[in-house]
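Take a look at the entry below. The report then goes through it topic by topic.

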Protein chains: 2
Amino acid sequence: MRVPAKRMEGISPFYVMALLKRAKQLERQGMDVIHMEIGEPDFPTPRGIIEAGVEHLRSGNVKYTPAAGLPQLRSGIADFYRSRYGVFVAPERIFITPGASGAFLLALGVSLNPGQQLLMADPCYPCNSNFVNLFEGRALTVAVNAASGYQLTAKLIRRNWTDACMGTLIASPSNPTGTVIVPTVLEQAIAATEDLGGCFYSDEIYHGLVYGKQAASALQFSQDVFVINSFSKYFGMTGWRVGWLIVPEAFAEAAEKLAQNIFIATATHSQYAALAALTPATLDELEARRREFKKRRDFLYAGLLGLGFKIADKPEGAFYIYADCSDFSDDSFQFAHDLLETEGVAITPGLDFGRNQARHFVRFAYTASIPRMETALRRLQHFINKDSNTIAR
Amino acid sequence: MRVPAKRMEGISPFYVMALLKRAKQLERQGMDVIHMEIGEPDFPTPRGIIEAGVEHLRSGNVKYTPAAGLPQLRSGIADFYRSRYGVFVAPERIFITPGASGAFLLALGVSLNPGQQLLMADPCYPCNSNFVNLFEGRALTVAVNAASGYQLTAKLIRRNWTDACMGTLIASPSNPTGTVIVPTVLEQAIAATEDLGGCFYSDEIYHGLVYGKQAASALQFSQDVFVINSFSKYFGMTGWRVGWLIVPEAFAEAAEKLAQNIFIATATHSQYAALAALTPATLDELEARRREFKKRRDFLYAGLLGLGFKIADKPEGAFYIYADCSDFSDDSFQFAHDLLETEGVAITPGLDFGRNQARHFVRFAYTASIPRMETALRRLQHFINKDSNTIAR
């Protein structure tokens, strides 16, 4: 019995972690590595948030908060939904969690039974299926492509639903594709899932990072949904580990009980700091960053197309471009590996996001400045040309 | 399917939470409540730790750390084991987690299969069995009493072991009893569990808060154990949410993989602050607090005995006294409830710690100053006398 539990076989490590480790080794050896593999904004946390964190620390009163979170943060988030999305969410349905990871843990812990299946798109963020495996469920992945903007649709949900299905997960903006679901498609996906008697999970952690329009929240169409969000990405608070989960009313009591047990509470100073994330001054600063991300997206999108990568539609959100590199390699893992080793450009292989054409795709994160990405594109060009020379020889 | 998962039936809420909520209501109504229900030191976080946290926040660099934790914190903890316990632990086996809650989650996530049983003492900390239920296992609780210092022994382990058992959990100092396991008993418990082919889990979160001697770590007797610890209690960092898990080497790879998925990482500023917890200056400050806790323990122990509570042996650790109140009431929940309502003294009913004579016991936390506890004892005396008057009438 003194071996890892069986569920661990179904939980995959992140391939990008090995790459990241290697990138750090290369850096120690003096190589200049451009990091386009990391799903973390390169901007520091906004000053107002930091100062709120410092102020709370200096109070010395870094004690446990209630398990569900600071009441003023829960109502602050409710206000945010009212002003940004025009929806009313009872603060009692909002749970503050250690990042979106904690939100997923709580959402599936209270709702997924062993043996049940959760429907989700492939490609998607790798943790999603791993969380399902953690609770002895099974991810039922549906291969999606550019035709549906890499998103599930009501039709795909109905076609793939099984007796073992207990719900649907949609992530918009999507990691790795950056695509944003069309509001009516989201509405229909929720309706289809509810018709089938399932729970609907909406991963909205890249909300706010959308270029040209606003992403719709699942809460605009139903109150009976789980919504996962966090202060990490748009609000620039990755290392602070503070996210939130909104649950259907029928799950609120269970969520409170489970949060008490598995978290006790989320880090107190992070919660106080997050209060400052919702102020007009911080939101202005974040909007300026969003505009910068948009510029980067435009720059990288044009650059990759120019080099011969195939990209379905211009991604509308998050900070990722999911690019087809099959004209250069039939093994995107090897492609990413060699690109790092020879040119010092780190990207994420498609394998981290599923099995659907994963060997043809790589993910670029535009969490590096335009000048750095300019250098990265030059190195990519050199890499591709050298490679085609090798093939020609 | 849109109802909470079945596992939630096996996960109990903390009774003390309802009490705490009521205590806060009473306070808002103007009642002076003495809090002896909370498992949280009343001291603020030591200044050096706060300053280290502030310094890190001011750097603006609050980014994700590696999933297993900051390398310097992992090696700092390894050094701490060397200097305090004289044992060598490879930093690669040390995982930084969001509090001890995260450590339990990680430990059981990587090792417990559905349907398996984990042997543990009753009374014990309520989350322990809830974590087991979370992963579809079953807590096999063994009623313990003063005869074994409320701890499991090799004999109890062998006698209660079943085919479904996969391990033993021991908590020393124990919550709620404050008892510390005798080193040879711990050694034999580990040996018995290993003989039976099980995993051994040692909850050491109250280490450091031991009065008169040092608690032995399971690592002094075997390297093949899980050790759960945290910066919350002895180090005074509850709200910071930073703990650690030490795993047997065979589980290190699985723990890394699972930590990536369920945490991404522990709060960065909390980890930097924790580095300062291990410095000689902070440790001196903590030792002074330990001496204060010892004084409080002596004061409260004598006071409760004087009032007629029955307490087996003088508890040697943590900051709890588990007292038999059966001379005053045959329902300790009602006793705690009435004591709060009429006298404004909040304590925790035995029901929160299991079923073994739970209606006879209450837990007092000496996380209040001696003057406050003096008042609490006067109120208790009044409460008990009034009560016996009522009975006499």
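Which residue of chain A comes closest to the rotation axis? A:V54 does, with its C-alpha at 2.8 Å. The model is predicted.

## Symmetry

Two copies of a chain are related by a rotation about an axis and a shift along it. Here the rotation that superposes chain A on chain B is 180 degrees. The shift along its axis is 0.0 Å, and the RMSD is 0.0 Å. The two copies are thus related as by a two-fold rotation axis.

## The contact between the chains

Chain A brings 63 residues to the contact, and chain B brings 64 residues. Five helices of chain A each supply at least two residues of the side that touches chain B: α2 (47-58), α4 (99-111), α5 (126-134), α8 (252-262) and α9 (268-277). By type, this side of chain A holds 35 nonpolar, 20 polar and 8 charged residues.

Do the copies meet through the same surface or through different ones? They meet through the same surface, because 100% of the interface residues of chain A are also interface residues in chain B.

## Helices α4 and α5 of chain B

In chain B, helix α4 (residues 99-111) packs against helix α5 (residues 126-134). The angle is about 35 degrees, and the axes lie 10 Å apart. The crossing of α4(B) and α5(B) is right-handed.

From α4(B), the contact uses B:S101, B:F104, B:L105 and B:L108. From α5(B), it uses B:C127, B:F131 and B:V132. These residues divide into 6 nonpolar and 1 polar, with no charged.

## The sheet of chain A

Chain A has an open sheet of 7 strands with mixed pairing. The strand order is β2-β8-β7-β6-β5-β3-β4. Which strands stand at the edges? They are β2 (94-97) and β4 (138-143) of chain A. Each has a single partner strand, so one side of each is left without a neighbour in the sheet. From one strand to the next, the twist averages 25 degrees.

Inside the order, β5 and β6 are written side by side. Strand β5 (residues 165-171) of chain A runs parallel to strand β6 (residues 199-203) of chain A, and 5 bridges join them. A:A171 stands opposite A:D203 in β6(A).

## A helix across the sheet

Helix α3 (residues 71-85) of chain A lies across β2 and β8 (243-246) of chain A. The helix runs at about 120 degrees to β2(A). Strand β2 is one of the edge strands described above.

Notes. Residues are numbered from 1 along each chain as its sequence is written. Chains are lettered from A and ligands numbered from 1 in the order in which they are written. This is a predicted model: local features need pLDDT of at least 70, side-chain atom pairs count only at pLDDT 80 or more; totals for chains, interfaces and linings use all residues. Two residues are in contact if their C-beta atoms, placed from the backbone, lie within 7 Å. Helices (H or I, at least four residues) and strands (E, at least two) are DSSP runs, numbered from the N terminus. Ala, Val, Leu, Ile, Met, Phe, Trp, Tyr, Cys and Pro count as nonpolar, Asp, Glu, Lys and Arg as charged, and the others, Gly among them, as polar. Axes are lines fitted to C-alpha atoms, for helices over the stretch in contact, and angles run from 0 to 180 degrees between N-to-C directions. A crossing is left-handed if the near helix is turned anticlockwise from the far one by less than a right angle, and right-handed if clockwise. Copies are superposed by least squares on the C-alpha atoms of residues with pLDDT of at least 70 in both. Two strands pair if DSSP finds at least two bridges between them.
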